[in-house]
Amino acid sequence: MHEAPAISVLMSVYNAERYLRAAVDSILAQTFSDFEFIIIDDGSADSSPNILLEYSGRDPRVRLTVRSNKGLTATLNEAIGQARGQFLARMDCDDVSLPERFEKQLAALRADPSLVCVGGHFELIDGKGRLLTRLRPPSDDEAIQKLLLRGHTAICHPAAMMRRDAVTKVGGYDPYFRTTQDLDLWLRLGEVGRFGNVPEVVLKFRQHESSISETRSDEQRRFAREAVERAWRRRGITDGVFEAAEPWRPGKDRASRHQYALRYGWWGFNSGARRTALAYGVKAVSIRPLDAGGWKLLASALVKPLPTT
């Protein structure tokens, strides 16, 4: 057995052929290279297993398991069981990690032994990789914990790096939670240590229609509330407030799709991404040609100066 790496990267894959190469390449291109990349294909029916076999055949850091479907929570716990690193880094099969992500997160964890988990700022991108907006969760533990206790995932799951001993101490992911397993884990980790977020963008988080938050949003909200209420009981909190975040993704109805085309377009415009604003302006107009909102977005994207920040 080779010497244990510093980091074990955990990635579950399910029918991800469209975005998989970009996700895997972004991990293999990290400036900090002392890691093992534990990938479990969770019963994909597309070409994902073949793509992953290609990578495992040419990079010894990739440790691949291909098996039938068990679901995300069980798969992540299986990956933790395989991990040898002192730190666990999460990654999703449709996102993109920036090259210095591991280097910066590891530096933060090594500088402060009380930190059990570090995330970072992240960009939302659409299915075509266009910038939507940048999200900057707080960096201090107190602010992060307050948000978690209200139901906000103030640590972006695929951007997280954790101490393996802390994750093991709290029992890993709870198999009960089919979704929002990250929020439940953060709330339990917050009882044994502190959180932080690197104040720089470390990940591009992809929004697309097959995402969990789009296909299972009602279930996600229910599990999030239960995770928070369990934490309140454990911590003796009697006046807790649950604030389910509004979903980022549209529903199937025309009004919702129009609303989110406008939202994504203005996000893009205010982030300085004119191409995004134009694309969603056209989309909004095509969905509701008589609505002035789409035309306003499209005109702004065409002629208005972009914000400087």
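Modeller: A residue is called buried under 20% relative accessible area, exposed over 50% and partly exposed in between (1.4 Å probe, protein chains only). The model is predicted, so local features need pLDDT of at least 70 and side-chain atom pairs 80 or more, while totals for chains, interfaces and linings use all residues. Residues are numbered from 1 along each chain as its sequence is written, and side-chain values use heavy atoms, without hydrogens and water.

Most residues other than glycine have a negative phi. Thr180 has a positive phi, near 50°, and sits in the loop between helix H6 (164-169) and helix H7 (181-189); helices are DSSP runs of H or I, at least four residues, and strands runs of E, at least two. With a relative accessible area of 6%, Thr180 is buried.

Asn15 likewise has a positive phi, near 50°, but its relative accessibility of 34% makes it partly exposed. Asn15 belongs to the loop that joins strand E1 (7-13) to H1.

Helix H1 (residues 20-28) packs against helix H2 (residues 48-58) at about 25°, with axes 11 Å apart, the axes being lines fitted to C-alpha atoms over the stretch in contact, with angles from 0 to 180 degrees between N-to-C directions. H1 is therefore roughly parallel to H2, a term for angles under 35 degrees. From H1, Leu20, Arg21, Val24, Asp25 and Leu28 meet Ser48, Ile51, Leu52, Glu54 and Tyr55 of H2, contact meaning heavy atoms within 4.5 Å.

Key: Angles under 35 degrees count as roughly parallel, over 145 as roughly antiparallel, 65 to 115 as roughly perpendicular and the rest as oblique.
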